[in-house]
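Morning, everyone. Please look at the screen, and I'll walk you through this one.

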Amino acid sequence: MAFVKLTSSDQQEFRIERSVAERSVLLKNMIEDVGETDDLPIPLPNVTAAILKKVLEYCEHHKTDPLPSMDEDKEASEATKRQTDDIDEWDAGFIKVDNDVLFEIILAANYLDIKALLDLGCKTVANMLKGKSAEQIREMFNIENDFTPEEEEQIRRENEWAADA
């Protein structure tokens, strides 16, 4: 069994199975380009140890899942865009984290090119936003409202079609 070493942005090393690392398109491509380098760690300057640990937990759990081909990926992404409530039980439990950790996982999944994890994070955020007013969303994510009442009214008028959807 082949192993890969990863180094987080805070210099923590992780030794993982190659099959786990290859859930990430970025890592899979790096491994293929460089070859087997069990002794040389792959630096991940954009991911902290705490978040990398969570990401690797996800990859470990899903390491036997089939990787989608490019054609399947395009077809699946169309269907996935419309389905935000089809999160399996393990994934739902895994992604139940505070907002800061959730957004760090999304950033790491994007950086590491782990589409299934990125989709899971984005679906979770979409579900959090469903049925919420702009004010509730601002409160949830600590977003300051810097619009004047006039600007807000103009935006509402311009986007009336979206409120009906």
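Start with pLDDT: that is the predictor's confidence in each residue, from 0 to 100. This is a predicted model, so to speak of local features we need pLDDT of at least 70, and side-chain atom pairs count only at pLDDT 80 or more, while totals for chains, interfaces and linings use all residues. Residues are numbered from 1 along each chain as its sequence is written, and side-chain values use heavy atoms, with hydrogens and water left out.

How confident is the prediction? The protein averages a pLDDT of 87. Of the residues, 85% score at least 70. Confidence is highest in helix α3, residues 49–61, at a mean of 97. It is lowest in helix α4, residues 70–82, at 54. Helices (H or I, at least four residues) and strands (E, at least two) are DSSP runs, numbered from the N terminus.

Now the sheet. Two strands count as paired if DSSP finds at least two bridges between them. Strand β1 (residues 3–7) pairs with strand β2 (residues 13–17) in the antiparallel sense, over five bridges. Across that pairing, K5 has R15 of β2 as its bridge partner. Five residues lie between the strands of this hairpin, and Q11 takes a positive phi near 65°.

β1 also pairs with strand β3, residues 42–43. That pairing is parallel, over two bridges. Here L6 has I42 of β3 as its bridge partner.

Put together, we have an open sheet of three strands, with mixed pairing and the order β2-β1-β3. Which strands are at the edges? β2 and β3, and each pairs on one side only.

α3 packs on this sheet and touches β1 and β2. Contact means heavy atoms within 4.5 Å. The direction of α3 makes about 10° with that of β2. Axes are lines fitted to C-alpha atoms, for helices over the stretch in contact, and angles run from 0 to 180 degrees between N-to-C directions.

Last, the helix pair. The axes of α3 and helix α6 (residues 99–112) come within 10 Å and cross at roughly 70°. That makes α3 roughly perpendicular to α6, a label for angles of 65 to 115 degrees. From α3, the contact uses I51, K54 and V55. From α6, it uses V101, E104, I105, A108 and L112.

How values were computed. Angles under 35 degrees count as roughly parallel, over 145 as roughly antiparallel, 65 to 115 as roughly perpendicular and the rest as oblique.
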